[in-house]
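Biologist: Please take a close look at one part of this model, the interface between the two chains. Keep it brisk, and give the cut-offs.

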Amino acid sequence: MCLGVPGKIIEILEGPGLRMANVDFGGVIRQVCIETLPDAQVGDYTIVHAGYALNKLSEEEAQETLSILREMGEYED
Amino acid sequence: MDFTSSFRDPKIVANLIQKIKKTITRPWVIMEICGGQTHAIMHYGLDQLLPPEIELVHGPGCPVCVTSLELVDKALAIAAHPDVIFTSYGDMLRVPGSKDDLFNLRARGASIQVVYSPLDAVQIAQANPDRQVVFFAIGFETTAPANLAALAQARALNLDNFTLLVSHVCVPPAMHAILGSPNNRVQGFLAAGHVCAVMGFWEYHPIAELYKIPITVTGFEPVDLLNGILLTLQALEKGEAAVQNAYPRVVTEHGNIHAQQLISTYFEPCDRNWRGIGMIPMSGWALRPEFSRFDAEKRFKVEHIQTHESEICISGQILQGIKKPNQCPAFGTICTPQNPLGATMVSSEGACAAYYRYARK
Ligand code: SF4
């Protein structure tokens, strides 16, 4: 239920009502509500649940986590 | 970058398993809160890669499983109304009520539509001005912004035929209920990453301190789950009641403040009955009184519902980490996903359904 899917904002849709964006999920484009990401910009990654962007997704943090965990094996044994 | 495959990297998974094996010196019981995590653990077989000293128990974080029988019966009563188009996330359709479920009710002719996003329910309301459209607003903190965005949209469109049947529940009060129980076995928590995406994890510091228990914010991919388990294990072995974040690409200490503002505009805390578990004080959200015109319980006057729960089902004990699905005598015999006796056998994130699907006998 609390599934969240990562995607990339490729277009912010102007219009009345809620702030919406087109988000690219590995080639599949869907409309997503970005109402509570007021500073989201094209090119940002986000994590989407039930058609709603929960929060931004930090590529920098992702790379850092991965590099720490990759190195974990190398300095041991 | 590819945020999915990078966090399934077999090399990193192997590193983490090795590190966990080196760190562990004695048995520990760790609970993953979220049903999505339970599902991922079973799907990737992580429980079978871990050393036997680590026992993972499965938490109450499946909204489909804990939505009270009373609310399921209310949903059935409302959906049976000829004027109503009832809309819901798909998983709720097979959840057993006292006598019926939404799936069967739909087969008998009721208008019940599955939506992917609650904003789709608003579109249905817009397209059907002569019908009452009700959305079954279930969920934890993760789902609240989406459900409330639908309400905000309906207000902006001046729709008077759109209401919510609200069944929102919150994680921290459930953690208190589990840890405060005399039967508690849980020694460490993997906190639900997407709940924390919205709410942050500042609320967990006092819980960790009070119960002397480590809590690690954890994501959903194999690398995320194993990293969450490793950080929890390291804290357990050192005797530290640490709150740690193993999902920093999505979660910050304070979460999404704008989403929290949306929630506090529309919702206020309320007592909630959790299916199988019972009443947990101030463990849910209900619409604030000024928005009661959007409250389906008020519009359809379904206050007086008599409920009847299956006597066999032990899902309450499973949701609190006291028992495992395979300890239920009905598991896989008279209770299956095709014929579920309890809600935990319905949702793919329910512990019983996950055990059944991935054959953990
Ligand atoms: S196997 Fe069925 S009856 Fe037993 S606890 Fe799970 S849902 Fe309830």
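Modeller: **The A–B interface**

The side chains of A:R70 and B:D9 form a salt bridge, at 3.8 Å from N to O. The term stands for a side-chain nitrogen of Lys or Arg within 4 Å of a carboxyl oxygen of Asp or Glu. Between chain A and chain B the count is one salt bridge.

On chain A, the elements giving two or more residues to the side that touches chain B are β3 (28-33), β4 (45-49), β5 (52-57) and α1 (59-74). Helices (H or I, at least four residues) and strands (E, at least two) are DSSP runs, numbered from the N terminus. The largest share, ten residues, comes from α1(A). By class, this side of chain A has 20 nonpolar, ten polar and seven charged residues. Ala, Val, Leu, Ile, Met, Phe, Trp, Tyr, Cys and Pro count as nonpolar; Asp, Glu, Lys and Arg as charged; the others, Gly among them, as polar.

The contact (heavy atoms within 4.5 Å) takes 37 residues from chain A and 46 residues from chain B. About 3600 Å² is buried between them, with carbon and sulfur atoms giving 66%. Buried area is the accessible area (1.4 Å probe) that two parts lose on being put together, summed over both.

The model is predicted: local features need pLDDT of at least 70, and side-chain atom pairs count only at pLDDT 80 or more, while totals for chains, interfaces and linings use all residues. Residues are numbered from 1 along each chain as its sequence is written, chains are lettered from A in the order in which they are written, and side-chain values use heavy atoms, with hydrogens and water left out. The scores are ipTM 0.91 and pTM 0.92.
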